[in-house]
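Subject: Structure handover

Hello,

Here is the structure I am passing on to you. Please open it beside this note.

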Amino acid sequence: MAVKELTGSSLLDALRPHEQAMVAECVESHGFSSGHVFYDPGDDVRYAYFPRFSAVTSFHVIMADGSAIETAMVGSEGAIGGIVSKGRLPAYARSCVMHGGDFYRIACTDLATLKEENLHMRQLFTRYADCMLAQVFQSVACNAVHTIEQRAAKWLVAAMDRTGNNVVAMTQDQLGSILGVGRTYVSRVIRKMKAMGAVKTRRGGIVVEDRGCLERMSCDCNALVGQHFSTVMGEMYANGNGANGHANGKGNGNGYDNGIKEPATDFSY
């Protein structure tokens, strides 16, 4: 579907008006459901995708035994596929939809042309790539030294930050797969979270009841990545439209903003 005006992407919102107009001429709007795979390892990266509003994607490294371990999560603050490169390079990790929703899609060849013609756009996407790399670095360190409980709490908070919803559509089996641990370990952690009043479970999902409790159970990895994101991207947002939480100091405090106005509840961020 052709696009007249860009909405729902904090990253694209940081572009200047004339840059947004050029991008709008090249992008298409698509909806993808949870589980949709954009790229598997070895696939040519022909398109870049920008999650909008509450849509969330994730990167997974496929191990020799077939298990898929999550390495990064991307919401409306970012994009996947050919943002810095000129595209058509093989994908290393699987990229798929974690939380279904709307996306913008642009051919990597068109995006490369736009970046060549616009220094600010090129700098914006390069800085975003730096922030994505920081998330991957932190993920490696987190997996090495933090407990399953800390990592599970961190992941649930990160999912809330990007979807703008306290209901995370994720089974315990799926959460275990993402964290690289068995269901027994995840069940033990979820039971503890429920006993503390942090979450409750329902069929096919985990409902966050007390975000503050989860944050106290979590490691500081989300905050560290968020601080780097704000430091690296803050100037670029200020030089763009400035119509999002990053530029004006609002948002959720972790450097992400899904563009959704939250109600005045314990879960607004």
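Below are the notes on a strand hairpin and on the salt bridges.

First, the ground rules. This is a predicted model, in which local features need pLDDT of at least 70 and side-chain atom pairs count only at pLDDT 80 or more, while totals for chains, interfaces and linings use all residues. Residues are numbered from 1 along each chain as its sequence is written, and side-chain values use heavy atoms, with hydrogens and water left out.

**The hairpin**

Helices (H or I, at least four residues) and strands (E, at least two) are DSSP runs, numbered from the N terminus. Strands S4 (residues 56–62) and S5 (residues 68–74) run antiparallel. They are joined by 6 bridges; two strands pair if DSSP finds at least two bridges between them. Phenylalanine 59 faces alanine 72 in S5 across the pairing. The two strands make a hairpin with 5 residues between them. Glycine 66 sits in that turn and has a positive phi of about 95 degrees.

S5 is mostly covered, with 6 of its 7 residues buried. Buried means under 20% relative accessible area, exposed over 50%, and partly exposed in between (1.4 Å probe, protein chains only).

**The salt bridges**

Side chains of opposite charge can pair when their charged atoms come close. A salt bridge here is a side-chain nitrogen of Lys or Arg within 4 Å of a carboxyl oxygen of Asp or Glu. How many are there by this rule? The count is 8.

One of them joins arginine 94 to aspartate 40, at 2.6 Å from N to O. Arginine 94 is in strand S6 and aspartate 40 in the loop between S2 and S3, so the pair ties together parts 54 residues apart in sequence. Both ends are partly exposed: arginine 94 at 26%, aspartate 40 at 27%.

Another links glutamate 77 and arginine 162, with the closest N and O atoms 3.3 Å apart. Glutamate 77 lies in the loop between S5 and S6, and arginine 162 in helix H5 (residues 148–163), so this pair ties together parts 85 residues apart in sequence. Are these two buried or exposed? Glutamate 77 is buried at 3%, and arginine 162 is buried at 3%.

Aspartate 173 and arginine 183 also meet, at 3.0 Å from N to O. Aspartate 173 is in helix H6 and arginine 183 in helix H7, so the pair ties together parts 10 residues apart in sequence. Salt bridges that share partners also join Asp161, Arg211 and Glu215 into one network.

Best wishes
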